[in-house]
Structure formats: structure tokens, C-alpha cells
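Biologist: Hi, could you walk me through this structure? I'd like to hear about the helix packing and then the pockets.

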Amino acid sequence: MRKMIEQAAEASPRFKARITGVVYLLYFLTAIFAGFLSGRRLVVFGNAANLVAYTFYLVLTLLFYFMFKPVNRYISFIAALFSLAGCVIGALGLFYPAASRINPLVFFGPYCLLIGYLIFRSAFLPRVLGVLMVLAGLGWLAFLSPLASYLSSYIEALGILAEGSLMLWLIVMGVNSQRWREQAGTA
């Protein structure tokens with residue numbers, strides 16, 4: 001076990017980024033499956049799948065924290081706290097009606113904004129991904145307004161485009177390892 005932990009710590013930033021992308025993909029697939037089950041009135045199975053999806057998102061949150069820590073460890077930590085709060089509220093909302101009154105997007109909107117900022121400030125990912133994530137964060141926050149009923153399709157499309165683009169970039173390209181190490185060295 002110790003050897004596995006040491007190997008993981010020594011893995012290249014590009015490999016770690018690709019793992020992050022795979023976890024992101026697993027989250028997406030599990031969340032879609034949970035929605036499918038809930039739509040078929042298999043609520044118990046849908047809730048179980050949602051719990052698995054939230055677990056993947058928690059892992060993703062930790063991976064993003066460590067990926068963006070060299071950019072700005074404080075903002076990366078605050079982003080992780082927002083995501084953690086969103087996951088907890090979302091998971092509790094599955095089982096406790098009082099918790100479902102708080103929309104997890106209150107937390108995931110700022111999370112995407114902060115991740116977008118960190119991507120934009122990073123030297124190891126394309127800035128366009130940061131801009132897309134900021135727009136997605138603004139979209140998730142707009143979901144909380146009365147305009148959501150008119151804009152929901154557009155907001156969801158923007159969120160899927162932004163988060164899907166980031167996920168695919170991480171899986172296919174990873175990060176620029178040299179630039180990540182340089183930024184980590186100056187942090």
C-alpha cells in the first residue's frame with residue numbers, strides 16, 4: 001500500500017490530470033444514469049446512483065484542489081469548500097426534505113467560477129477552458145433566478161459544454177507538465 005501511495009505521489013502531472021478527467025467522466029456517467037433511474041420512477045436506485053455520483057464529485061474536488069494548488073492554494077481551498085458544501089447539501093437533499101430547500105447550485109456556481117479563474121490564471125491549461133467554466137458558473141447561479149424557466153436549456157447546454165470540454169481536455173491532453181512544475185515551483 002505504501003508503495004502505491006509513493007508511486008501516485010511521483011506520477012507526472014499529466015497522468016494525474018488524465019486520472020482527474022476519468023473521474024470527471026465517471027461522475028457524468030453516474031449522474032446521467034441516476035437521472036435516468038429517477039425518471040423511470042426507480043427513486044431508490046436513482047438516489048443510490050446519485051450518492052455514487054456525489055462520491056465521484058468529492059474525489060474530483062480533491063483532485064482539482066491539488067491540481068490548482070500551485071496556481072493559488074487559498075482560492076483552490078475555497079473552491080473545494082464550495083464543492084464540498086454542494087455535495088453535502090445535494091446528498092442530504094436526497095433523504096431529508098428540509099435540506100432539499102437549499103439548491104446545491106448555490107455552491108456549485110461559485111465553485112465553477114473559482115475553478116474557471118484558477119484555469120485562466122494557470123500556465124498549464126488553455127485559458128478558453130477557464131472562460132467557459134466562469135460562464136458555466138454564472139449560468140448555474142442564473143439557474144437560481146426567476147429567469148431559469150426561460151433559460152434552462154441554454155444554461156444546461158453551456159454547463160455541459162464547459163464542464164464537458166474541461167473533462168475531455170483532461171482525458172485527452174492532461175496538463176502541460178513542464179508548466180505545471182514551473183508554477184508549482186514558484187508557489
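Predicted model: local features only at pLDDT ≥ 70, side-chain atom pairs only at ≥ 80, totals over all residues.

Biologist: Which residues of H5 and H6 meet?
Modeller: On the H5 side they include Leu105, Phe108, Gly109, Cys112, Gly116 and Phe120. Their partners in H6 include Leu129, Gly130, Met133, Gly137 and Trp140. By class, the residues of this contact are 17 nonpolar, 4 polar and 1 charged.

Biologist: Now H3 and H5. How do their axes cross?
Modeller: The axes of H3 and H5 cross at roughly 30° and come within 11 Å. That makes the two helices roughly parallel, since the angle falls under 35 degrees. H3 also passes H5 in a left-handed crossing.

Biologist: And which residues meet there, between H3 and H5?
Modeller: From H3 you have Tyr54, Tyr57, Thr61, Phe64 and Phe68. They meet Phe108, Tyr111, Ile115, Leu118 and Ile119 in H5. This contact of H3 with H5 has 9 nonpolar residues, 1 polar and no charged ones.

Biologist: Switching to pockets: how much space lies in the largest pocket?
Modeller: About 640 Å³. The largest pocket has 19 lining residues, and Tyr27, Ala31, Leu105, Trp140 and Glu163 lie nearest its centre.

Biologist: Which elements give two or more residues to that lining?
Modeller: Helix H2 (13–39), helix H3 (43–68), H5 and helix H7 (148–172).

Biologist: How does the lining of the largest pocket divide by class?
Modeller: Into 14 nonpolar, 3 polar and 2 charged residues. Leu105, one of the residues nearest the pocket's centre, is also one of the H5 residues that meet H6.

Biologist: What about the second largest pocket, how much space lies in it and what lines it?
Modeller: That one holds about 280 Å³. Its lining includes Pro13, Lys16, Thr20, Leu63, Phe66, Val175 and Trp180. H2 and H3 each supply at least two of the lining residues, and the classes come to 10 nonpolar, 1 polar and 1 charged.

Conventions: Residues numbered from 1 in each chain as written. Heavy atoms only, no water. Contact = heavy atoms within 4.5 Å. Helix = DSSP H or I, 4+ residues; strand = E, 2+ residues; numbered from the N terminus. Nonpolar A, V, L, I, M, F, W, Y, C, P; charged D, E, K, R; others polar. 1 Å grid on protein atoms, 1.4 Å probe; cavity = no way out; pocket = protein on both sides within 12 Å on 5 of 7 lines; lining within 4 Å. Points joined across faces, edges and corners; volume = space filled by probe spheres on them. Axes fitted to C-alpha atoms, helices over the stretch in contact; angles between N-to-C directions. Parallel < 35°, antiparallel > 145°, perpendicular 65-115°, else oblique. Left-handed = near helix turned anticlockwise from the far one by under 90°.
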